[in-house]
Amino acid sequence: SSWNIRGCNTFLKLAEIEEFFLSSHSDVLGVFETRFRKNNVSKLITKFANYGILNNINHGSNCIICVI
């Protein structure tokens, strides 16, 4: 699954990503957000620590892609 999400820097949207991933039974989820703040990427990484997550956070000030 992939999701070009908006507003990913809010707590509710991070919870929505988790709910979508678990309910969709996807093996892989790509999350695309042009203004994903580093501290929120850290929260997403913590939420999905058991699944594994890749991101491009070290290649700029904002994360654009996260793969769970």
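Trainee: Which residues form the nonpolar patch on the surface?

Mentor: In this predicted model, Val28, Phe32, Leu54, Ile64, Ile65 and Val67 make up the nonpolar patch, and together they have about 480 Å² of accessible area.

Trainee: Which strand gives the most to the nonpolar patch?

Mentor: Strand β4, residues 63–67, gives the most, with 3 residues.

Trainee: Why is Leu54 called exposed?

Mentor: Exposed requires over 50% relative accessible area. Leu54 has 62% relative accessibility, so Leu54 counts as exposed. Its place is in strand β3, residues 54–55.

Trainee: What makes Glu33 count as buried?

Mentor: The cut-off for buried is under 20%. Glu33 has 8% relative accessibility and therefore counts as buried. Glu33 is found in strand β2, residues 30–36.

Trainee: Which backbone nitrogen does the side chain of Glu33 reach at 3.3 Å?

Mentor: The side chain of Glu33 reaches the backbone nitrogen of Gly7 at 3.3 Å. The limit for a polar contact is 3.5 Å.

Trainee: How many disulfides does the count come to?

Mentor: The count comes to 0 disulfides. A disulfide is a covalent bond between the sulfur atoms of two cysteines, and the rule asks for sulfur atoms within 2.5 Å. The closest cysteine sulfur to that of Cys8 is in Cys66, at 7.4 Å, and is therefore too far for a bond.

Trainee: Are these cysteines buried or exposed?

Mentor: Cys8 has 0% relative accessibility and so counts as buried. Cys66, at 0% relative accessibility, likewise counts as buried.

Note on methods. Residues are numbered from 1 along each chain as its sequence is written. This is a predicted model: local features need pLDDT of at least 70, side-chain atom pairs count only at pLDDT 80 or more; totals for chains, interfaces and linings use all residues. Side-chain values use heavy atoms; hydrogens and water are left out. Buried means under 20% relative accessible area, exposed over 50%, partly exposed in between (1.4 Å probe, protein chains only). Patches are made of residues with over 30% relative accessible area and no salt bridge: like charges are joined within 9 Å, nonpolar side chains (Val, Leu, Ile, Met, Phe, Trp, Tyr) within 5 Å. Accessible areas come from the Shrake-Rupley method with a 1.4 Å probe; for residues, only the protein chains shown count as cover. A salt bridge is a side-chain nitrogen of Lys or Arg within 4 Å of a carboxyl oxygen of Asp or Glu. Helices (H or I, at least four residues) and strands (E, at least two) are DSSP runs, numbered from the N terminus. A polar contact is a pair of N or O atoms within 3.5 Å; within protein, one must be able to donate a hydrogen and the other to accept it, and residues adjacent in sequence count only if both atoms are side-chain atoms.
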